[in-house]
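User: I am new to this structure and would like to know what stands behind the terms used for it. Please set each value against its definition.

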Amino acid sequence: MAKYGACLDKIAIPMSTIREQLEALEDETLAPQAARSRASKGRLRQETPDPIRPNFQRDRDRVIHSKAFRRLKHKTQVFFAPEGDHYRTRLTHTLEVSQIARSIAKVLRLNEELTEAIALGHDLGHPPFGHAGERVIDKLVPGGFSHHEQSLRIVDVLENDRQGLNLSWEVRDGIARHSKGKHGLPVGAPPEHRASTIEGQIARVADIIAYVNHDIDDAVRAGVLDTRDLPQSAVAVLGGSSSQRINSMVTDVVTETLGGALTEIRMSDLVLQATLELREFLFRAVYENPRATAEFDKAAGLLGGLWDKLRQKPDQFLDQATIESEGLDAAVRDFLAGMTDRYAVALFEDLFVPRSWSV
């Protein structure tokens, strides 16, 4: 213990300068194209800098400690209420995206804290019941619904008693532009549809690398797929197992991006097409498979019923400040999108299923 204390004495640093030294370290170690914490475009509201944490590290911590992040553990990724402990949830998906994104950022000498903050925050606005839940709410909400817009709303407005997390511009930009949709490109999208930072572009490609592979894994576990069903042309390029495919994709992203002088995140045409082929196959075989999504028909009715009932009882469930400033539809949207799967089911039962009567 005495020896440990002596070491601490030797490295003692005034608290007010630790953040500045870490920012200087970024200048020394990161690639010229990387985002710098002290060069951030700032926050929605000005704040006193943290004494020890640079901007993006502070943002990462705020996302992890948010209520919306904790709720991801009970939100569906693909399979609703799966029987078994090894299926992905929205939280484990987010962690896998973060791991892949940080691996890419580290090799490219980009800002890992910024990359991680975006990756951890990218799905905060995802509603219950996976993509099916998003489709249902999109039909219910006038003007439509998208989870990336809701994710940005959570960090800007809804968290912290409607004070928001007040994240930096770069993190907010990455969250707002991570979504690709069914036909969107993970790399090579027009500038207006991709993140302004290289780190934000990493989070976008890491998202598809993660879900294409872990959704195959879960579908095989559920008996919806057999690995022999996978497109063999894609398997020949990427590999036969999840780990092989992830390694192939990550290696390709790193190699191609370095070859392009880090001007943007890239994939080779061969690997990109194989990745998109796998995604197309998943939509046909899993996401739109009647067997895999049978329970989501029930979820659609459940969310529709809650939409109507919540509008009838706004004082009991909804945020009054939102109703007054943005209207009833916005308040119901926020409430529905924020629910976990199990809370939505429990609330539906409470509001619609008669209770047994006992004397």
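**Terms and values**

Analyst: The lining of the second largest cavity consists of five nonpolar, two polar and two charged residues. Ala, Val, Leu, Ile, Met, Phe, Trp, Tyr, Cys and Pro count as nonpolar, Asp, Glu, Lys and Arg as charged, and the others, Gly among them, as polar. This is a predicted model, in which local features need pLDDT of at least 70 and side-chain atom pairs count only at pLDDT 80 or more, while totals for chains, interfaces and linings use all residues. Residues are numbered from 1 along each chain as its sequence is written, and side-chain values use heavy atoms, with hydrogens and water left out.

User: What makes a residue part of the lining of the second largest cavity, and which residues are they?

Analyst: A cavity is a set of points, on a 1 Å grid over the protein atoms alone, where a 1.4 Å probe fits but cannot get out; lining residues have an atom within 4 Å of a point. For the second largest cavity these are L185, P186, V187, G188, A189, R194, Q201, R204 and I265. Its volume is about 60 Å³, where a volume is the space filled by probe spheres set on the points, and points are joined across faces, edges and corners. The structure has two cavities of 30 Å³ or more.

User: Why is S37 called buried?

Analyst: Buried means under 20% relative accessible area, exposed over 50%, and partly exposed in between (1.4 Å probe, protein chains only). S37 has a relative accessible area of 1%, so S37 is buried. S37 lies in the loop between helix 2 (15-29) and helix 3 (55-64). With neighbours within four places in sequence left aside, S37 is in contact (heavy atoms within 4.5 Å) with E23, E26, P54, N55, F56 and N111.

User: Why does A294 count as partly exposed?

Analyst: The relative accessibility of A294 is 35%, so A294 counts as partly exposed. A294 belongs to helix 14 (residues 294-312); helices (H or I, at least four residues) and strands (E, at least two) are DSSP runs, numbered from the N terminus.

User: How do you know that the protein is as compact as a globular protein of its length?

Analyst: The protein has 18 helices and zero strands. Its radius of gyration is 22 Å, close to the 21 Å that the globule rule gives for 359 residues, so the protein is as compact as a globular protein of that length. The radius is taken over C-alpha atoms, and the rule is 2.2 Å times the number of residues to the power 0.38. Buried residues make up 51% of the 359 residues.

Note on methods
1 Å grid on protein atoms, 1.4 Å probe; cavity = no way out; pocket = protein on both sides within 12 Å on 5 of 7 lines; lining within 4 Å.
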